[in-house]
Amino acid sequence: MKKKNFTSTALHSDREGKPEHGVLHKPIHTSVAFAYEDARELAEVFQNKRKGYAYGRQNNPTIEALAQKITKLEQGLASVIFATGMAAIGSTLLSLLRQGDHIVSSAYLFGNTNSLFNTFKELGIEVSFVDATDVENVSGAIQENTKLVFVETIANPVTQVADLEAIGALCSDKGLIYFVDNTMTSPWLFSPITVQASLVINSLTKYIGGHGNALGGSVTDTGLFDWSRFENIYDNYKGADPAQWGITQIRKKGLRDFGAALAPEAAHHISVGSDTLSLRMNKACANAQAIAQFCNDHPKVRKVFYPGLPEHPQHDRALTLFNNFGAILSIELDDSIDCFDFLNALELVVCSSNLGDNRTLGIPVAHTIYWEMGPERRASMGVADSMVRLSVGIEDTDDLLADFQQALSL
Ligand SMILES: *Cc1c(COP(=O)(O)O)cnc(C)c1O
């Protein structure tokens, strides 16, 4: 299911329209303010009657160039860029939901998203966590006040693949917003629009930026959701074209009011990084597959979680939906080897909490990113104390395998 022209699109995105001075990279615009010779023009920008920039917190030419690039990669209608992936998730949901609303979310979630959703509960937004690898569980949790279904493509750290296609059909049937976090797959491995996603979030910090040198987040409206049927759109944002209602409310209520705007310098880093997304990801996925197979055959590894292994419960689904199986894998070590000693013995692999860097990173998940969750929720997510999550990078495969071999022979 290879998409056509993905990398050419990324590389030449900044040259479309009228490039400033013929530049190949969109310049880093640092001006917070924009001057208008005609005061009426500025008023029209404020009233959404004309495209233009009003203030750096809402948009800027460098940020807009990145937004257009992400929109093209996701084959969507429009995107809004945020300071981080969490800002994209939190601000978007708070801009669209109201007290008394209900959302259904996958129980297998990025830790901070899980924490955020628990805050929503305190604010009067109900959340049901379900095993989203089977659409039946999502369908069974839908209530009269359900507004939205939230899933990740490949979940962290156990690599469950959500029942993406069937959940898309369900949301479309029930008129619910289908919100897909595409961070783990990135638009190179998966296009959520093909499973009828309404909104796609990407943490740009991860594979899209790819170099671990800038935080960022995006939300893309695929154009598939009928916003004219969504009762939470404020009258102010109901312009002539209902297709724009959702993204306008996300930009105004989400980005403008909460204020988590991306800095233009970071947008530049991310945009440069995104040029090589497909090349980096192909190599990282190939390395992940090699490490998964190596660990699977190793007596000191009890279990390997990687969608690229034929015994993974959603292997066939991943094979059908994705371009490749991703670069995240987790291993559960045998009792004969301590996970801290193992991580300390690795020489090339870095002990670090990030993922999606070009360098291979490893972390003991139960003791770090999933610590705050407590033992019960960890157990329900399948996170064992001896689990190590690996975010596989683009090093030479032989060097990585040699590192695992020596660290496992402790
Ligand atoms: C990292 C991550 C996020 C949050 O992104 P930040 O840019 O770190 O805020 C959200 N979802 C998933 C799946 C992630 O891996």
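This is a predicted model: local features need pLDDT of at least 70, side-chain atom pairs count only at pLDDT 80 or more; totals for chains, interfaces and linings use all residues.

Two strands count as paired if DSSP finds at least two bridges between them.

**Sheet**

In this model, strand β10 and strand β11, which covers residues 361-364, run parallel and are joined by two bridges. Within this pair, C351 lies opposite G362 of β11. Both strands belong to an open sheet of five strands with mixed pairing, in the order β8-β9-β12-β11-β10. The edge positions are taken by β8 (301-305) and β10 (350-351); each has a single partner strand, so one side of each has no neighbour in the sheet. In general, strands of a sheet pair through backbone hydrogen bonds, parallel or antiparallel.

The domain assignment divides the protein into domain 1 (6-274) and domain 2 (277-407). Taken over C-alpha atoms, their centres are 28 Å apart. Domain 1 gives 40 residues to the contact and domain 2 gives 42 residues. Together the two domains bury about 3300 Å², with 59% of that area on carbon and sulfur atoms. Of the area that domain 1 buries against domain 2, P157, L189 and Y207 supply 23%, more than any other three residues.

How many residue pairs are in polar contact between domain 1 and domain 2? The count is 22 residue pairs, with both residues at pLDDT 80 or more. On the side of domain 1 that touches domain 2, the elements giving two or more residues are α1 (6-12), α5 (111-122), α7 (164-174), α8 (186-189) and α10 (264-274). Helix α8 provides the largest share of that side, four residues. By class, the side of domain 1 that touches domain 2 holds 20 nonpolar, 17 polar and three charged residues.

**Salt bridges**

The whole structure contains 13 salt bridges, and the count between domain 1 and domain 2 is one.

| Side chains | Distance, N to O |
|---|---|
| R317 and D163 | 3.4 Å |
| E16 and K72 | 3.0 Å |

The side chains of E16 and K72 meet in a salt bridge. This pair links distant parts of the chain: E16 sits in the loop between α1 and α2 (39-46), while K72 is in helix α3 (residues 61-73), and the two are 56 residues apart.

Terms used. Residues are numbered from 1 along each chain as its sequence is written. Side-chain values use heavy atoms; hydrogens and water are left out. Domain bounds come from an automatic or database domain assignment. Contact means heavy atoms within 4.5 Å. Buried area is the accessible area (1.4 Å probe) that two parts lose on being put together, summed over both. A salt bridge is a side-chain nitrogen of Lys or Arg within 4 Å of a carboxyl oxygen of Asp or Glu. A polar contact is a pair of N or O atoms within 3.5 Å; within protein, one must be able to donate a hydrogen and the other to accept it, and residues adjacent in sequence count only if both atoms are side-chain atoms. Ala, Val, Leu, Ile, Met, Phe, Trp, Tyr, Cys and Pro count as nonpolar, Asp, Glu, Lys and Arg as charged, and the others, Gly among them, as polar.
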